Amino acid sequence: MISILRVAVCLLVLCSHANAFDDDEEKLVTCGSAIKMTHVDTGGKYYLHSANAQMGSGSGQQVVTMVEDRSAVGGLWLVREGHGEPQCKPAEPIPCGRRIRLTHLETSVNLHSHLVKSPLSNQQEVSGFGSDGEGDSGDSWIVACTNKNDKYWKRNEKVRLQHGDTSKYLGASDQAKYTQQNCGSRCPILNQLETFGRTHEDNMSLFKVELGVHLSK
């Protein structure tokens, strides 16, 4: 199922590039859309990203970082219902407070967290986990809208993702960057930022959806 969706979205990117990347701030994030999430506190320069490479420490699961390349295919994530939740319908708006999964379009792992320390900041590790979009409850995240008047998750508005199992918030910081000193001269994620689970609701945990292939009714 995920493989079919991945092909469909990639075709949209190739064939409908002008329509695929739309930053109309009033439009909603919807089920089945492939989104790119940018980190607010670092100036919107870094995007949530993964690649087919494993961590050299901690869980050894697939790496998830923040990269400065806004055009990287590895930055596309498919919006789905949370683990064990009723399947959401394509183009259905995602309500604030909803449990979701973000499935990495290129490798079909899910954005994941668990009780393992992150390698740089010693917070909670964030990784890619699962196979063909199926993993476990550690893949579920709660959409925490920052505008209390919003009923649905909106593009271009600040949002937090709270981990369903541990209540940590997805976060990043330019103070936790992979360098030659902490990762080695041949580091495959050199100059990328660590992603982590964070206890506090602060600026480090603020993100926006700015780009993507968005489904609408």
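This is a predicted model: local features need pLDDT of at least 70, side-chain atom pairs count only at pLDDT 80 or more; totals for chains, interfaces and linings use all residues.
Let us start with strand 7, which covers residues 124-129. Of its 6 residues, 5 are buried, so strand 7 is largely enclosed by the rest of the structure.

Strand 7 pairs with strand 6 (residues 110-117) through 5 bridges, and the two run antiparallel. Within this pairing, S127 of strand 7 is the bridge partner of H112. Strand 6 and strand 7 form a hairpin with 6 residues between the strands, where N122 takes a positive phi near 60 degrees.

## The disulfides

How many disulfides does the model hold? The count comes to 3. When the bonded cysteines of the chain are numbered in sequence order, they pair as 1-2, 3-4, 5-6.

## C31 and C88

C31 and C88 are joined with an S to S distance of 2.0 Å. Their link is right-handed, with 70 degrees about the S-S bond. C31 sits in the loop between helix 2 (17-20) and strand 1 (34-39), while C88 sits in the loop between strand 4 (77-81) and strand 5 (99-104), so this pair ties together parts that are 57 residues apart in sequence. Are these two cysteines buried or exposed? Both C31 and C88 are buried.

## C96 and C145

The disulfide of C96 and C145 has an S to S distance of 2.1 Å. It is a left-handed link, with -95 degrees about the S-S bond. Distant parts of the chain are linked here, 49 residues apart: C96 lies in the loop between strand 4 and strand 5, and C145 lies in strand 8 (residues 141-145).

## C183 and C187

C183 is bonded to C187, with 2.0 Å from S to S. The link of C183 and C187 is right-handed, with 70 degrees about the S-S bond. C183 counts as partly exposed because its relative accessibility is 30%. C187 has a relative accessible area of 9%, so C187 is buried.

Is R198 buried or exposed? R198 is buried, because its relative accessible area is 13% and the cut-off for buried is under 20%.

Which side chains make polar contacts with the side chain of R198? One is the side chain of Q123, at 3.0 Å. Another is the side chain of D202, with a polar contact of 2.7 Å. Leaving aside neighbours within four places in sequence, R198 is in contact with Q123, K168, Y169 and M204.

Key:
Residues are numbered from 1 along each chain as its sequence is written. Side-chain values use heavy atoms; hydrogens and water are left out. Buried means under 20% relative accessible area, exposed over 50%, partly exposed in between (1.4 Å probe, protein chains only). Helices (H or I, at least four residues) and strands (E, at least two) are DSSP runs, numbered from the N terminus. Two strands pair if DSSP finds at least two bridges between them. A disulfide is a pair of cysteine sulfur atoms within 2.5 Å. A polar contact is a pair of N or O atoms within 3.5 Å; within protein, one must be able to donate a hydrogen and the other to accept it, and residues adjacent in sequence count only if both atoms are side-chain atoms. Contact means heavy atoms within 4.5 Å.
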